[in-house]
Amino acid sequence: MSGPAFTDLPTEVLEAIFLHLDPPSLFALSQSNRLIKQLTTDSPIIWRHLCRTSFTTWAPQHNIAAKFAGPLPAVNWRALYIRKKRIEHETRRLLDHVLATQHERIRCINGIAEFGYDAKETLLRECACPDDAEDVLARRYYANAALERIHREMAINVWKDVQDGKDVSIDRALGAYDMFARGGEDVDFDLMSEDLDRLANGLLSEHPDFRELSTRAKASTLASYLRDQGFQGVPDTSYRALRNSFIGLVLRSPTHQSLPLISVALFCALAQRVGLDARPCGFLFHVYCLVYAPERHSLDGEYKPSSSGPLDSMYLDPFRSSDEVRQADLLRVLRDMGVPTTDHQTFLSDTTTREMVLRTARNIMNSVQTIRQTQGGVHGISAAWLDAYPDMDNAFYSTIWAMLMLGPGDEGTPGSIQQVSSRRRQYLPYLLEHFQTHFAWDVALLEQYVIPLFYTQPEGQRLLQFVQSMHQIDTLRRPLLRRSARARNVEFKIGQLFRHKRYHYEGVITGWDTSCDAGEEWIQNMGVDRLPGGREQAFYHVLVHDKSVRYVAAENIEPMATGALPSAAIMKLAGRHFKRWDDASHTFVSNLRDEYPDD
């Protein structure tokens, strides 16, 4: 006589057991018995558990925190789990296509980007693929490129919301720079918000009577708390460091060094969380905090029932101290600097989140310019970008986008629409330069966000034609360049590491032509015909360790000595064209077989 079957256990007990199984084990078990298969298929508690334990990142539209906190039957958890798994599979498929061929590479990266944060953890796993993976460099490079593309669109949408007048918190508006310019799993709007929430909770825990304090006492207590937590500005020696303008990085760094603007933004973000009305004040060359008392109350908490005038307010400079700043001192500074009396109120009033984003853009631009001026190498070739964090090019690119999305200029002045359009046009060449050099897969972002800004301008039609040509080129297969008799003079191969004979920079060959294929104007400007080999020698497309892409005559190519290894800068860039570095052949293994099959 057989004993009781496993399936005789109560449904609640079976579900509790199933919750301890990983997905592969659970799916294997579900195939063993019709009843178990039905139970695992129909049980929302199991599928919710799988959604919670299998995935760490969710696109914002899921509102996943609310779903997890809500009633169990309100969500089709099985369908949600299956959708996430399909996105995971499709993300890998599209990434594999990107690695296999240059054909439709832009389409595939934008296809991944359409999944948004639902693709993030898959991409992070690919970024961390093993060192001995057959295509380690390319896999890491393009997984990171797709993830950065997702982050950039999230940042752009935040700035679009700011421009459209939506209520965007100052920490989110400035955190968009982190999303745009930084990489890795710890770069996330939600993580930045959680960091601020922890600080706010720490303040309330340390000062349990905080909410009963007067406005003046709250402001001083918050400023002191921040300084006690290490948020004490930055010494003059590292004032222009790029990292000081990124609010998320400041929150996460051990020293919390930041520019005054970020110090003020942090104060305001925390103030909002603990019930204090604090706003940035866009003073001349420095940002202060303006803290307002509640309506019909003084800063010291006195009730003023008949008061109907402006709210009582005070100034703070959390960058320098927790002490109150007197308005009389700020007025004296304005007078000493020759600012007309009619303009004083402008500099003493609170400013908008939009202006804070634009001021941050200018700070980042200044920092990038400082790095380039102080660390520029011979002939302007330097790998300073490798040691700069966040990445210099990503950071500068973010400022161009911010300026374009937020319309640099003063909208309140006569002729301002024309001024904004004119200034936007000034940023277009920089945007397109960075786009063509580093971010070709951002073509959909140009189409969606930039072209509408220029619909009524001549640039609009040209941009539209440019975008259409990019899409068309992406659909075309590259012509095969074989090492036929005609290519007899092509001595060097794709993936060869070299040093330029004249300028001594390090580079790697990514393409070749049997003769100079540049335009006549470039040939004349570069003096090609004055070279000993002239224009009929082979020319090589090369990737340089400073991120630039150059076109070099064969006579200037000097292969690296056997045993010389690629620099860290070249290794970080090489994945765009190569699978891996091969010690045996002393070359990078080409990922361009669909164009150069013999190399």
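## Two helices side by side

Helix axes are lines fitted to C-alpha atoms over the stretch in contact, and angles run from 0 to 180 degrees between N-to-C directions. Two packed helices are described by the angle between their axes and the distance between the axes. In this predicted model, helix H9 (residues 136–163) packs against helix H21 (residues 443–450) at an angle of about 10°. Their axes are 11 Å apart. H9 and H21 are therefore roughly parallel to each other. The cut-offs are these: under 35 degrees is roughly parallel, over 145 roughly antiparallel, 65 to 115 roughly perpendicular, and the rest oblique.

Which residues make the contact? H9 supplies Arg149, Arg152, Glu153, Ile156, Asn157 and Lys160. H21 supplies Ala444, Leu445, Gln448 and Tyr449. Contact means heavy atoms within 4.5 Å. The residues of this contact divide into four nonpolar, two polar and four charged. Here Ala, Val, Leu, Ile, Met, Phe, Trp, Tyr, Cys and Pro count as nonpolar. Asp, Glu, Lys and Arg count as charged, and the others, Gly among them, as polar.

## The model and the whole chain

Residues are numbered from 1 along each chain as its sequence is written, and side-chain values use heavy atoms, with hydrogens and water left out. In this predicted model, local features need pLDDT of at least 70 and side-chain atom pairs count only at pLDDT 80 or more, while totals for chains, interfaces and linings use all residues.

The protein chain has 24 helices and eleven strands. Helices (H or I, at least four residues) and strands (E, at least two) are DSSP runs, numbered from the N terminus. Of the 599 residues, 51% count as buried. Buried means under 20% relative accessible area, exposed over 50%, and partly exposed in between (1.4 Å probe, protein chains only). Take the contacts in the chain with a separation of 6 or more: residues 24 or more positions apart account for 65% of them.

## Nonpolar cores

A nonpolar core is a set of buried Ala, Val, Leu, Ile, Met, Phe, Trp, Tyr and Cys residues joined through side-chain atoms within 4.5 Å. The largest one has 148 residues. Those with the most contacts inside it are Trp159, Phe267, Trp401, Leu431, Tyr540 and Phe588. Helix H9 gives the most to this core, with 16 residues.

What does Trp401 touch, leaving aside its neighbours within four places in sequence? Its partners are Ile156, Trp159, Phe180, Leu431, Leu445, Leu446, Tyr449 and Val450. A second, separate core has 13 residues, including Tyr288, Val325, Leu330 and Val339.

## Salt bridges

The structure holds 48 salt bridges. A salt bridge is a side-chain nitrogen of Lys or Arg within 4 Å of a carboxyl oxygen of Asp or Glu. Arg152 and Asp442 form one, at 2.9 Å from N to O. Arg152 lies in helix H9 and Asp442 in the loop between helix H20 (416–438) and H21, so the pair ties together parts that are 290 residues apart in sequence. Both Arg152 and Asp442 are buried.

Glu121 and Lys84 form another, with their closest N and O atoms 3.8 Å apart. Glu121 lies in helix H8 (residues 120–127) and Lys84 in helix H6 (residues 77–100), so this pair ties together parts that are 37 residues apart in sequence. Glu121 and Lys84 are buried too. There is also a network of salt bridges that links Lys85, Glu88, Arg92, Asp96, Arg125, Glu126, Asp135 and Arg139. Arg139 lies in helix H9 and is buried, with a relative accessible area of 15%. Beyond residues up to four places away in sequence, Arg139 touches Leu95, Asp96, Leu99, Glu126 and Cys129.

## Residues in loops

Trp58 sits in the loop between helix H4 (44–54) and helix H5 (64–69). Is Trp58 buried or exposed? At 9% relative accessibility, Trp58 counts as buried. Not counting residues up to four places away in sequence, Trp58 touches Cys51, Ile64, Leu80, Lys84, Tyr117 and Asp118.

Phe285 is not a glycine, yet it has a positive phi of about 65°. Phe285 lies in the loop between strand E1 (277–281) and strand E2 (288–292). Its relative accessibility is 68%, so Phe285 counts as exposed. Arg296 also has a positive phi of about 65° without being a glycine. Arg296 is in the loop between E2 and strand E3 (313–316). At 36% relative accessibility, Arg296 counts as partly exposed.
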